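This report describes selected helices and their packing. The sequence and structure are shown first.

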Amino acid sequence: MSNLTRMKVANGIYWVEVPEADVRVLCGCPADSVKQMMRRGLIVRREADGVDFETGPNAILLSDVPVQKGSFANLAEFPVMQMLYRQGMGIPGHPNNTGARPVLIGSAQQVTAQLRYIHRGIYGLVSEEEMTEAGLPPDMARTMIHLKSELAYGTILPTEDLVDCIILDGDRVEIDGGVSLRRLASNVFQFRYGGESVTVDLNLAPGENYEVPYTLGYHLIERGYWMVVHSGNGDGWDAGRPAMSSVLIFQGKVYLVDAGPNVLHSLQALGISANEIEGIFHTHAHDDHFCGLTALMRSDRRIRYFAAPWVRDSVARKLSALLSMDRDDVLPFFEVHDLETGVWNDIAGLQVMPMFSPHPVETTVFMFRAASGAGYRSYAHLGDIITLSVLEEMISGSPEEQGIPRELFEQVRRAYLTQATVKKIDIGGAPVHGSAEDFREDESDKIILSHTARELTDREKEIGSGATFGSADVLIASHQDYVRDRAARYLRSYFPSVPQHELEILLNNPIVGFNPETIILRAGERNTDIHLLLTGDVDVMRPVSRSRAGTAALSAGGVVGEHSALSGTPSEFTCRTANCVRALRVPCRTYVEFIRRNGLLQDIQSLQAAREFLASTWLFSEGISYPVQNRIARAMRPHTLEACPEPQSVADSGIRLVRDGEVQLLFDDSPVEELSAGDFYGESSVLYGTPGLLRVRTDARAEIYRLPADAVRNIPVVRLKLLEVYQRRMRLLLDPRLVSTPVFCWREQYATGVDALDGQHRRLFEMTERLHQAMDSGAAKPLLTELLNSLIEHAETHFDDEEQLMADAGFPGLERHRRRHKRLLAKARDFANRLAHGEIDLDESFVAFLKDWIVDHLLTEDHRYPVFLAETRAR
C-alpha cells in the first residue's frame, strides 16, 4: 500500500496525503474548495474527548497563478478558518490544539498576498486608527476593538501567529516528517516521501473551469416591481447550497445583497445576465458574502456598490490584499456609494437603512422598503448577526470596565427585531452567528431562516420558514412590462440617431421565451428572424471543423443572427441558450429594411468586423456586452508601423492592439516579449497616465489598432486584465533570470525628469541593492538590521521632500501619495522591528516587499507627478 497518495478533488484542486507523516495538503484553493473536500469525504465529523470537530487538511499549496480562466485560484481564508476553528487547531483547550498550525506553501508573492487577505478576512479593520479613518467615532472604534478581541478568543493576532509559511521559490523544501516538495514548472509540483513521488498540476486544461459543488437547475425570474428572490440560504460550510444572499428586483432593475462564491453560476441559474446587475448592497467582508465581488469586477461597466463607510473600507482593504493592489486602485472598479447608518437612504425610489451588527469584521444588516398604495412594503436582510445572549454577556458594568455599553446592546436588539414584511435571518449559532430563538416574538409578517448547513429543528420551524433557491416573495405586484422597456433602451443605445417612430417598428414585435439549452440558430442555416436578447445568456459556438472553433457568450443586449440576416448568407455560428432567455423577435426582412432605410448598413458591417477582431483577443474576449463592443469598435483606428530596427518609445496614450504582423517589446535593448495578432501594449498610459518603461521594435511592417485610453479606462474587466499584464511586465524588469544587471540596479529609464527626486531615487536603489546583496551573502542580523534602518531613514527623508514638492506644485494626487508612503514605512518598520527582536529572518517575502515597493511605487506612482507637471506647463 502506498504511503503517498494523490486524489483529484475537482478541476484545479488536488489532495495529497502521507498518513505516516501526518501531512494532508489541499493543493489549490479556489472558491468553495472546502465544500469540494466535503463532497469527496475528505472533511467529515469526528468526536474526541466529548468534543465534536471536523477532519481536513493541515496544509495548503497555493497556485503560482493567482487567476485562471477569469477566476481567482487562491482563496485560502475559508480553508484556514476550517483548520483553525472547525478542526480546532486555533481554539484554546481544544483536543486538536497541539501547537501545530495550518501551513501555507507557495511563492513569496502568493504567500504574502494570502497572509494579508486572510488577516483582513478574519478581523477586518484592526486598529482604532483604521476605524476612525473609515468614519467610526472614537468611542465606537474602542468598543469594536473590544468586540473583535472577545470574538477572537481574546486578542487580534498577526496572521503569521496563526499559520506557518513555507516559501517555495527555489530548491526542494521539506513540509514535515520527511515529505518534500519542489516545483517542476509553473503551477506543476512534485511531492516526495521515502522512495515515492506524485505530481500535481494545478493548471486548468483547455476547456476546464473551476467547478461548482452544487447544482441549481434553471429558473425563470420575472423583472417585477418590488420582489425578493432567494439566491442562497446556506453558509460557507453547506456543500449543497449557495451561501446566504438575495436578489432584489425593484422597478425592473436587479440588485444583489452580498456576493458569495460562484455568484455568476447562481445568476446564470436564475436567468440573470451579469450585465443586468444595477448594484450590490454589501453586509461584510467574509468570503461567503464577499469573494464573488471579484467576479463582478470582470464586468464591462462599474457596478454600483452600496455599503456603510467602514464596511466599504474593510472590503477595500481585503480586496487590495487579495489582488496585490493598493486600496486606492480597488475602488475604481466599482461606482461606490456610501450609505448612512440608522437612517433611510434613497436609491432611485428604493429606500435602504443599514444598521450596525456585531461580528468579527465590520458588518451591517439591511432594511429595504418601497412605497405602495397601502404604505411601505419592506424586506430585512440580517446576515451576519450575533446571538443576543452572547452579546449581552459582553455588557460592561461601568465606563471603566472593558465591554460594550448597555445602550449598544439595546440598539442592536431593536435593529434585529424591527418589523418587516419579509425578514431573512442568520441562525448559524453562537458565538458569532444568530439564533432563531431571538426572533420567537418578532412581529414581522414572514421570517425566513438562513445561513445554516444543518436541518432545522422543530422549534426553529415554529419560528420561521425556509426558502428554496430561486423562490421569490413579491412585495408589490407589477403592472408594467419592464422587459419591453429594456428592449426600447437597448435599441435607442444602438441607433442613437434614428427617429423614435422608426424604432417603434422594431419594438412592435413579440417578446418570446426560450428554455435553457435551446438552439436558437444553427450553423449553416439561414435565419428568418433576428433576436435581441433581453434577459439571460446565449452561447455562440463556431463549428469544431473551423480553424477558429470555440465558444463565446452573448448576454442581455446582444443580437442573435444579425450578420447572417444582413448578408443573406447561412449563419457561421450555432447559438444555444445557457439559461432561461427572453428576446425580442424581429423578422429578418423587417430588420434589413429598417437598416437600409436609415442608411446604417455600412456602419454596422464595419462594426461587425471590428467586434469579431475584439472577440478574438484575450483583452476583450469576455464580459463585454454588445453595446460596449460597439462603443469600443467605433473608437478603434487602424495604423501602420513601418519596419524599424531601432527601438521606439510609445509617446501617445492608449492601447495598441496588434492586428497583423509582429511587434517586439524591449527593455534597454533586450527583448522582453514578442507580440503577435491580438496582443497589445500601452497599458501604463491607461492605468496611470504614464508612458511606461518599455519600447517597441518592428523588424517588418505591422498593422495595429489605436484605441484611446478614455475608451477602455472605465471598463472593469479590461482594467483588471491591463493591471495583470502591467504587473507581470514590470516584474520582468526585476527578474535576475531575464535582466543581467543586479536586481535593484538604477537605470536612466527609471528617471522622472525631476532632478531632486531622481537623485534620491538613485540612492534608494543603491541602498536596497546593498541590503539585498547582504542577504544573499548570509550577513549577520545586526548588519541586516543596520542596513534596513538606514534604508528606512533615507526613505523617510525622501518621502518628506517628495510630498513637499508635490504640495508646492498643487499635485492632485498628493493625499493618495501620502497614504502610500505611510503604508510603505509602516510595513518596512514592522520588518525592521521583528528582525531586531529575532522574530523573523529576511527571506523571499521581504524581497517580494522590496520589489513591490520598486514596481508599485517608484516606477509607477512617482511617475504620475512629472506627467502632471508636463500637463500643467502645456496649459
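## Basis of the model

The model is predicted: local features need pLDDT of at least 70, side-chain atom pairs count only at pLDDT 80 or more, and totals for chains, interfaces and linings use all residues. Residues are numbered from 1 along each chain as its sequence is written, and side-chain values use heavy atoms, with hydrogens and water left out.

## Geometry of H5

Helix H5 spans residues 138–151; helices are DSSP runs of H or I with at least four residues, and strands are E runs of at least two, numbered from the N terminus. From first to last C-alpha, its 14 residues reach 20 Å, close to the 20 Å expected at 1.5 Å a residue (1.5 Å times one less than the number of residues). Tyr153, with a positive phi near 60 degrees, follows H5.

## Packing of H24 and H27

The axes of H24 (residues 781–809) and H27 (residues 864–874) come within 12 Å and cross at roughly 25 degrees; axes are lines fitted to C-alpha atoms over the stretch in contact, with angles from 0 to 180 degrees between N-to-C directions. H24 is therefore roughly parallel to H27 (angles under 35 degrees). Leu805, Met806 and Ala809 of H24 make the contact with Tyr865, Phe868 and Leu869 of H27.

Technical notes: Parallel < 35°, antiparallel > 145°, perpendicular 65-115°, else oblique. Contact = heavy atoms within 4.5 Å.
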